[in-house]
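Q: Please take a close look at a single part of this model. I want one connected account of how that part is packed and what surrounds it.

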Amino acid sequence: MSNLIRFSGPYGYFLVLLALVVLFVTVRATTNLLRQSPPAPKVVTEQLNSLLFWGGVAGILGFLGQCDGAYHALTLILQAEEISPHVVAEGFVISFVPTLFGLGILGFSVAAWGC
């Protein structure tokens, strides 16, 4: 988990925070739905909509993290006199980590919303 945060750069901590928010909203909406008394439909609808919203924010933030990582990688590649293709490929692989992290959060929130 620490490598995931480290490879996500400065966006990693925000993505972890958004993952916790999505998890909290999911648990809260689930407990409201499973209570004995019927829940207020407006409250549950608002919680489910916020679940999608925070998942979407995580997806967008992950994409911005990738753009930032690719920009920094390309800047360093342009400054280098000689660079191996392996190093270039590794830099681009690492730049995809925040996108996958953010899309994973989005996928979880969409699946929780659908259930």
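A: Start with Leu15. Leaving aside residues up to four places away in sequence, Leu15 touches Ala58, Leu61, Gly62, Pro98, Phe101, Gly102 and Ile105. The model is predicted, and every value here is computed from it.

Leu15 sits in helix H2. Its relative accessibility is 0%, so Leu15 counts as buried. The cut-off for buried is under 20% relative accessible area. One of its contacts, Phe101, is 86 residues away along the chain. Even so, the C-alpha atoms of Leu15 and Phe101 are separated by 7.4 Å.

Now the helix itself. H2 covers residues 11-34, which makes 24 residues. At 1.5 Å a residue, H2 should span 34 Å. Its end C-alpha atoms are 34 Å apart, so expectation and model agree.

Which residues of H2 are buried? They are Gly12, Leu15, Val16, Leu18, Val22, Val25, Thr26, Ala29 and Asn32. These buried residues pack against H1 (2-7), H3 and H5 (97-114).

Take the H3 side next. Leu51 lies in helix H3. At 2% relative accessibility, Leu51 counts as buried, because the cut-off is under 20%. Leu51 touches Val22, Val25 and Thr26, and also Ser109, Ala112 and Trp113, again not counting residues up to four places away in sequence. Leu51 and Val25 are 26 residues apart along the chain, with their C-alpha atoms separated by 6.2 Å.

Gln47 is also in H3, which runs over residues 41-79. Its relative accessible area is 9%, so Gln47 is buried. With residues up to four places away in sequence left out, Gln47 touches Val25, Arg28, Ala29 and Asn32.

Leu64 gives a contrast. Leu64 is placed in H3. It is partly exposed, with a relative accessible area of 43%. Leu64 and Val25 are 39 residues apart along the chain, and their C-alpha atoms are separated by 24 Å.

Then H5. This helix has 18 residues, so at 1.5 Å a residue it should span 26 Å. The end C-alpha atoms of H5 are 26 Å apart, which agrees. Its buried residues are Val97, Pro98, Thr99, Phe101, Gly102, Ile105 and Ser109. They pack against H1, H2, H3 and H4 (85-95). Pro98, Phe101, Gly102 and Ile105 are among the contacts of Leu15.

What about the surface? Leu20, Leu23, Val27 and Phe108 form a nonpolar patch there. Together they have about 360 Å² of accessible area. H2 gives the most to this patch, with three residues. Leu23 lies in H2. At 42% relative accessibility, Leu23 counts as partly exposed.

Last, the cysteines. Cys67 is partly exposed, with a relative accessible area of 37%. Cys115 is exposed, at 88%. A search of the whole structure finds zero disulfides.

The buried residues of H2 pack against H1, H3 and H5.

Terms used
Residues are numbered from 1 along each chain as its sequence is written. This is a predicted model: local features need pLDDT of at least 70, side-chain atom pairs count only at pLDDT 80 or more; totals for chains, interfaces and linings use all residues. Side-chain values use heavy atoms; hydrogens and water are left out. Helices (H or I, at least four residues) and strands (E, at least two) are DSSP runs, numbered from the N terminus. Buried means under 20% relative accessible area, exposed over 50%, partly exposed in between (1.4 Å probe, protein chains only). Contact means heavy atoms within 4.5 Å. The expected span of a helix is 1.5 Å times one less than its number of residues. Patches are made of residues with over 30% relative accessible area and no salt bridge: like charges are joined within 9 Å, nonpolar side chains (Val, Leu, Ile, Met, Phe, Trp, Tyr) within 5 Å. Accessible areas come from the Shrake-Rupley method with a 1.4 Å probe; for residues, only the protein chains shown count as cover. A salt bridge is a side-chain nitrogen of Lys or Arg within 4 Å of a carboxyl oxygen of Asp or Glu. A disulfide is a pair of cysteine sulfur atoms within 2.5 Å.
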